[in-house]
Amino acid sequence: MYIRMFVLMVVSFYTSRIVLRQLGVEDYGIYNLVGSIVAMFNSLRTIFASSTQRYLNYEMGQGNEHNLRLVFNLSIHINLIIGALFVIAVELLGWWFFANEINIAPDRMHPAFVVFQCAVAIAAISIITSVFDAEIIAHEHMNFYAVIAIAESLMKLGIVYLLSRAPIDRLSFYGLLQLGVCIVILVINFLYCKTHFSEVKFQRMRDKTYFKKMTQFAGWNFLGNTAYAVTQNGVNMLLNVFGGPAVNAARGIAFQVSEMTKQFLTNVNTVMTPYSIKAFAGERLEEFQKAIFISSKILFYVQLMLTIPLVYLTQWLISLWLGQVPEYAVVFLQLTLCISLIRSVHGPIDTIFKAKGELKYYQISEGIILAMPLVLGYIVLKFGAPYASVFVCCIAMELVNLFVMLILAHKIAGFNSRSYARHILLPSFLCIVCAGGMLYIVRQLQPIWIQVLISVISMGICSGLWWWIILTKEERTNILSLLPNYHVHDSQR
């Protein structure tokens, strides 16, 4: 999975540099405005998959073969319904936005509309593809899951080559090629699942009670998680209305980097979620809680180790990556990474509600809270605040959302939220304070080699705090036992 992530990261960063050069800053900004729905539903694809995966893993824990086939067939129907509703809603919103609010040159309106239509099609196809993703993840075929992602990234690398030989407008051609890749991935995933998993058979299976339960789960999961994605795209639209395509280009760069770091976290959570839900289904509640705790600790550490060098060396890294640094890109990226750090523990807490199968109040509260940055962002921009203030609003609401999630996890699922806050959130805050203090020192120093040195020192200090304060003695022993030639005495076990 991490080999997959490394390849994806290298290809993504390289293609971004070339695409920016091929399209230019204005068209790149337009694509990130209108085509940002592609990035939104690429990230939501895993979330859609998690709805189906939850029921697949639950039935695996129960050992019910018939219900596995039922889950697959009902999931196809549910995702087709969600996809159709999504297309209708987004098309209506898109027509209104193009007619009234979009801030781009008139001669770029048609290519932007082509990209928008391609983006809608990609999102709809991704909703269907998520069912097959769920099958692959639930059966823990992580090798194929990694290989197909690498193949997808290599196809997108081929797009960059074809872009330089575009027979039509490059922006339109780019959107059409992205759609082609999405269709190919759907076909490959379907053929693999059809070949390897016995329950992947299209049958007319009906169970109104199960259908209602899965529909409610998928609907609430869609509502809450879409709220985050809609907020991200709403922020993009706000920045376009008040700042234009150049500001969208800066935000697009920041969003792409944060999404790449998010994929590292997704790898850990993807591996942990099937085990956690099976443990809950088998009523092994102590194992379930331990899995939530350790995955939260690992996810926070991974995000922190990615965030420190990216925040400390933002200007230098963007210049090295793109060759030019769009205005606002540095501060946008730094603030976006702060949001990602807060959201790093979101996945394991989310698993608590999915394992319990009760999402209604959790997703309603999250949807309301995560929509607030749009309202606050519009108000502060209307009063002339800097563009970066929108991201500050997002940070504040993410903190509120985290604490509300823990309160609901305790009330709905009986999760020990107080212990979670004491053993994970408070020590994690100490690490963040330490990293923030070192960042202040970095800003006072100019030579890049000193900034790199301070970054390494900060990562070392935070790693030490994580190892000795956040991890328990048992967890440290278990991690060390994975190392070669390390032996633990029975008394220590």
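1. Ser 164 is partly exposed, since its relative accessible area is 30%, and this serine sits in the loop that joins α5 (142–163) to α6 (170–196). The structure is a predicted model, and what follows should be read with that in mind.

2. Which residues does Ser 164 touch, not counting residues up to four places away in sequence? The contacts are with Gln 22 and Arg 170.

3. Turning to helix pairs, helix α8 (residues 245–281) and helix α9 (residues 285–312) have axes that come within 9 Å of each other and cross at roughly 170°. Because angles over 145 degrees count as roughly antiparallel, α8 is described as roughly antiparallel to α9. On the α8 side the contact includes Val 257, Thr 261, Phe 264, Leu 265 and Val 268, and on the α9 side the residues include Leu 285, Glu 287, Phe 288, Ala 291 and Ile 294. Sorted by class, the contact of α8 with α9 holds 17 nonpolar residues, five polar ones and one charged one.

4. A second pair is formed by helix α13 (residues 360–382) and helix α14 (residues 389–413), which pack at an angle of about 165° with their axes 9 Å apart. These two helices are therefore roughly antiparallel to each other, and the crossing in which α13 passes α14 is right-handed. Among the residues that meet here are Tyr 361, Tyr 362, Ile 369, Leu 370 and Pro 373 in α13, together with Val 390, Cys 393, Cys 394, Met 397 and Val 404 in α14. The residues of this contact divide into 18 nonpolar, four polar and two charged.

5. How many disulfides does the count come to? The count is zero. Cys 193 is in no disulfide, and the nearest cysteine sulfur to it, belonging to Cys 182, is 15 Å away, whereas a disulfide would require the two sulfur atoms to be within 2.5 Å. Cys 193 counts as buried because its relative accessibility is 0%. Cys 338 is likewise in no disulfide, with the sulfur of Cys 394 being the nearest cysteine sulfur at 12 Å. Cys 338 is partly exposed, as its relative accessible area is 33%, and its nearest cysteine partner by sulfur, Cys 394, is one of the α14 residues listed in the contact with α13.

6. A reader checking the backbone may wish to look at Tyr 328, whose phi is near 75°, a positive value in a residue other than glycine. Most residues other than glycine have a negative phi. Tyr 328 lies in the loop between α10 (314–322) and α11 (329–343). Is Tyr 328 buried or partly exposed? With a relative accessibility of 31%, Tyr 328 counts as partly exposed.

7. The last point concerns Val 433, which lies in helix α15 (residues 417–443).

Conventions: Residues are numbered from 1 along each chain as its sequence is written. This is a predicted model: local features need pLDDT of at least 70, side-chain atom pairs count only at pLDDT 80 or more; totals for chains, interfaces and linings use all residues. Side-chain values use heavy atoms; hydrogens and water are left out. Axes are lines fitted to C-alpha atoms, for helices over the stretch in contact, and angles run from 0 to 180 degrees between N-to-C directions. Helices (H or I, at least four residues) and strands (E, at least two) are DSSP runs, numbered from the N terminus. Angles under 35 degrees count as roughly parallel, over 145 as roughly antiparallel, 65 to 115 as roughly perpendicular and the rest as oblique. A crossing is left-handed if the near helix is turned anticlockwise from the far one by less than a right angle, and right-handed if clockwise. Contact means heavy atoms within 4.5 Å. Ala, Val, Leu, Ile, Met, Phe, Trp, Tyr, Cys and Pro count as nonpolar, Asp, Glu, Lys and Arg as charged, and the others, Gly among them, as polar. Buried means under 20% relative accessible area, exposed over 50%, partly exposed in between (1.4 Å probe, protein chains only).
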